[in-house]
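Here are my notes on the aromatic rings of this model. Please keep the structure open while you read.

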Amino acid sequence: FLGVPPGRGSCPLTGPLPFDLIYTDYHGLQQMKQHMGLSLRKHKCHIRVIDTFGTEPAYNHEEYAILHGYRTNWGYWNLHGQQYMTMFPHTPDNSFMGFVAEELNETEKQNIQRNKVNNMAVVYGKEASMWKGKEKFLTILHRYMEIHGTVYYETQRPPEVPAFVKNHGLLPQQELQQLLRKAKLFIGLGFPYEGPAPLEAIANGCIFLQPKFNPPHSSLNHDFFRGKPTSRKVSSQHPYAEQYIGRPHVITVDFNNSEEFEATIREIMRINVEPFLPYEYTCEGMLERVHAYIQNQDFCSPEAPFPPVNSSWLSSPFVLLPNSSILTWASNASSYTSWPPLSALRLLASLEGESCVEACQGAELICEPALYRFINIKEAFSALELQCDGVESQVNHLLPAFSAEHAECGLQQDPLLFSCAGSSAKYQRLCPCRDSRVGQVALCRDCL
């Protein structure tokens, strides 16, 4: 389809492509590289990579990754960070693509609430290995509820799950849906991380109970994340459900604390919830987001240099928001085209040891890597009242940042390394944050 000439694409393709965008995954990227050779370089800007765990800029930049110990089996493609598209909005350096979960109409919602069985729980875990070592809290749960499982097994050998569990075997989607519609509780065992099932359960009126991870799981302490192109710290089985949905639909507790676990089960027996689906996972929500990306994200035309050559600001391009310590772009500073628009920019400095993801979150904002180029200027330091003895341009995924110890200000030299992720006790990072639409975290209020 890509019309690659024979000989492993040693002759680059010429002429325009008959399509605008190529959605693929890491394996597809690998195959395209094998078949297209040099031609891939020309078409890289058209590619969008569906990527469940997320890819941070330090891992995506091949040369930087090799030099600084970020080289893994994934990443290293030198794409623009926002060409990677994730299932959940966990890595703001990437674009949040998401998926659609089934949405119920009012009649269906009422039927579900009428037919809920208050003492029925379904366990999230279709492989027997996920159940190992979980008897303790399942035994507590069994005192209050009838426990159902959907664990795969071959007819000769039933899986090793506790005898009190009613196992239905692997169910087709339709039958699993019916089970969730009756159940009061959907309970996670800690794995798999960040799957679609909890959203489907919550949409069918279940409460999702999941384990809190202390310390959080990451590539430093957990096999699953080892070798993935991210240093993200995962605080629970489903951080999106914990952070963006929360109580009463989602309850996150320490499963090793039997008293807390049992108290939570008793609380769940007492409360009733309505089926709930975040707008961004509805059909309309996803179409709105994907439409915005297709219309506005362009990685093929080179961005005009910023700041423009020989530009000088008479006054700072940043002004304080009323009653706030957060800076925004001054409307009288000339307007530059960007998406998200400059009106969305909120500039702040992180604490030492804090990433821009955390700094923006702390101000109830989202880190927006597309706006980094507008704050990668020395005027940003003075606007934040950070006193620079010197300003240097370097290749480092934590820049732009301020080092208090040396009163040094560092600007980013390589735009591919603009990154919301990453922190260091040495630096206060400069962070481009933005607001978001209600129920649509991927888009700012002025983004549509």
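1. Start with a charge over a ring. In this predicted model, the charged end of Arg71 sits over the ring of Tyr76. The distance to the centre of the Tyr76 ring is 4.0 Å.

2. Lys228 and Phe224 give another such case. Here the charged end of Lys228 lies over the Phe224 ring, 4.6 Å from the ring centre.

3. Now the ring pairs. How many aromatic pairs are there? The count comes to 33. One of them joins Tyr26 and Tyr84, with 6.0 Å from centre to centre and 40 degrees between the planes. Is that stacked, edge-to-face or tilted?

4. Look next at Phe88 and Tyr281. They form a tilted aromatic pair, too. Their centres are 5.7 Å apart, and the planes are 45 degrees apart. This pair links distant parts of the chain, 193 residues apart. Phe88 is in the loop between strand 3 and strand 4 (95-96). Tyr281 is in the loop between helix 10 (258-270) and helix 11 (283-296). Are Phe88 and Tyr281 buried or exposed? Both are buried.

5. Phe88 and Tyr281 also belong to a cluster linked by ring pairs.

Terms used: Residues numbered from 1 in each chain as written. Predicted model: local features only at pLDDT ≥ 70, side-chain atom pairs only at ≥ 80, totals over all residues. Heavy atoms only, no water. Phe/Tyr/Trp six-rings, centres within 6.5 Å; stacked < 30°, edge-to-face > 60°. Helix = DSSP H or I, 4+ residues; strand = E, 2+ residues; numbered from the N terminus. Buried < 20%, exposed > 50% of the residue type's maximum accessible area, 1.4 Å probe, protein only. Lys NZ or Arg CZ within 6 Å of the ring centre and 35° of its normal.
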